[in-house]
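User: I have a model open and would like to go through it with you. Could we begin with the charged side chains and then move on to the rest?

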Amino acid sequence: MKNAGTAQQQVTATHAATGGGLPAPADEQHGTRNKVARSILDHGPSTAAELAERLELTQAAVRRHLDALVAEGVVEARAQRVYGSRGRGRPAKVFALTDCGRDAFDQAYDELATDAMRWIAQAAGGGAAGEAAVAAFARARVAAQAERFRERVENAASDERTRVLAEALTEDGYAATARGAPASTGEQLCQHHCPVAHAAERFPQLCEAETELFSRLLGTHVQRLATIAHGDGVCTTFVPRASRPGPRHGAESQTPPHQDPGQPPEQPQTSTSTSPKTSNASTRTAGRNPA
């Protein structure tokens, strides 16, 4: 695991040159650069134009800060995903936080969580028994979380519950948002930050239990599409629109329209289970994208 203190130093490293004119004060450089990194954390992978609009800066200024953050290993450039038909020209470049960049945002205790779950697995005898013990711990953890969220979510109108859940998750440090899914058949619950990402990479039972929690709170089957623990920029969960009737076969209605171009269709049986009875296979793949 990367050192969180070192990552924080990288986020706040001083770069005096500002591309013309007198250099900006170091404190101003630090503050603006941190705002750029924080905006990416809160909103997910972003283009320079999107960051400039959010932060009310020029694109040229944003690009200078992004260049510095890329050089420091805090953010990385990626090709923007395009759903459906794409126009002419190359897709826009987006910037996402690296593992090093995420470490700067209060993830120092993640190593402790990993060590604790490793001890739980070993104390239970390892193997299948150890995995079951970790899964039981993960469910107990989210059960306490559910009690804090339940009243707020259940008292919200059915079409507002995903948004209310996102607000509650944000208060817990997950920087979550809710937005319409492609083709408007549901919503996507997006968590742009995961305080236990490294632990979830080693123990996907955490992702499995969290997905079960979302299903119970929202009263519908949900499907995990992407996770930070598996290397994606955002944890994304598809929430079907309850008011929209689906096909007669439940498995078909559960397959979301979220599909990368060029990828094979997602198979419903590989989705993360939200049933209280979790199989060992689904537990092992909880932190991964559907195939």
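This is a predicted model: local features need pLDDT of at least 70, side-chain atom pairs count only at pLDDT 80 or more; totals for chains, interfaces and linings use all residues.

User: Which residue does D172 form a salt bridge with?

Analyst: The partner of D172 is R148, and the closest N and O atoms are 2.4 Å apart. D172 lies in the loop between α8 and β3 while R148 belongs to helix α7, so the pair ties together parts that are 24 residues apart in sequence.

User: And R148, how is that one classed, buried or partly exposed?

Analyst: R148 is partly exposed, with a relative accessible area of 48%.

User: What does E171 meet in a salt bridge?

Analyst: The side chain of E171 meets that of R152, at 2.9 Å from N to O. This pair links distant parts of the chain, since E171 is in helix α8 and R152 in helix α7, 19 residues apart. E171 counts as exposed at 59% relative accessibility, whereas R152 counts as partly exposed at 35%.

User: Where do R163 and E167 lie?

Analyst: Both are in helix α8, four residues apart, which is about one turn of the helix. R163 and E167 form a salt bridge whose closest N and O atoms are 2.5 Å apart. An α-helix has 3.6 residues a turn, so residues three or four places apart point the same way. As for accessibility, R163 is partly exposed with a relative accessible area of 38%, and E167 is partly exposed with 36%.

User: How many salt bridges does the structure hold?

Analyst: The structure holds 11 salt bridges.

User: Staying with α8, which of its residues are buried?

Analyst: In helix α8 (residues 161-171), the buried residues are T162, V164, L165, A166, A168 and L169.

User: What covers them?

Analyst: The cover over the buried residues of α8 includes α7 (127-154), β3, β4, α10 (205-218) and β6.

User: What happens just after α8?

Analyst: G173 takes a positive phi of about 100 degrees there.

User: Let us turn to the strands. Why is β4 described as largely enclosed?

Analyst: Six of the six residues of strand β4 (residues 186-191) are buried, so the strand is largely enclosed by the rest of the structure. The cut-off for buried is under 20% relative accessible area.

User: Which strands is β4 joined to by bridges?

Analyst: Five bridges connect β4 with strand β3 (residues 176-180), in an antiparallel arrangement. Six bridges connect β4 with strand β6 (residues 235-240), and these two also run antiparallel. To locate the pairings in your viewer, T177 stands opposite C190 in β4, and Q188 stands opposite F238 in β6.

User: What is the nearest side chain of opposite charge to E187?

Analyst: It is R241, 5.2 Å away. E187 is buried yet has no salt bridge. The cut-off for a salt bridge is within 4 Å.

User: Then what does E187 have a polar contact with?

Analyst: The side chains of E187 and T162 are joined by a polar contact of 3.0 Å. T162 is itself one of the buried residues of α8.

User: Which residues is E187 in contact with, leaving aside its neighbours within four places in sequence?

Analyst: They are T162, R179, G180, A181, T237, F238, V239 and R241.

User: Changing topic, how many residues of β2 are buried?

Analyst: Four of the five residues of strand β2 (residues 93-97) are buried, so β2 is largely enclosed by the rest of the structure. Strand β1 (residues 75-79) pairs with β2 in the antiparallel sense over five bridges, and A77 stands opposite F95 in β2.

User: Finally, what are the totals for the protein chain?

Analyst: The protein chain has 12 helices and six strands, and 43% of its 291 residues are buried. Of the contacts between residues at least 6 apart in sequence, 60% join residues at least 24 apart.

Note on methods:
Residues are numbered from 1 along each chain as its sequence is written. Side-chain values use heavy atoms; hydrogens and water are left out. Buried means under 20% relative accessible area, exposed over 50%, partly exposed in between (1.4 Å probe, protein chains only). Two strands pair if DSSP finds at least two bridges between them. Lys and Arg count as positive and Asp and Glu as negative; His and the chain ends are not counted. A polar contact is a pair of N or O atoms within 3.5 Å; within protein, one must be able to donate a hydrogen and the other to accept it, and residues adjacent in sequence count only if both atoms are side-chain atoms. Contact means heavy atoms within 4.5 Å.
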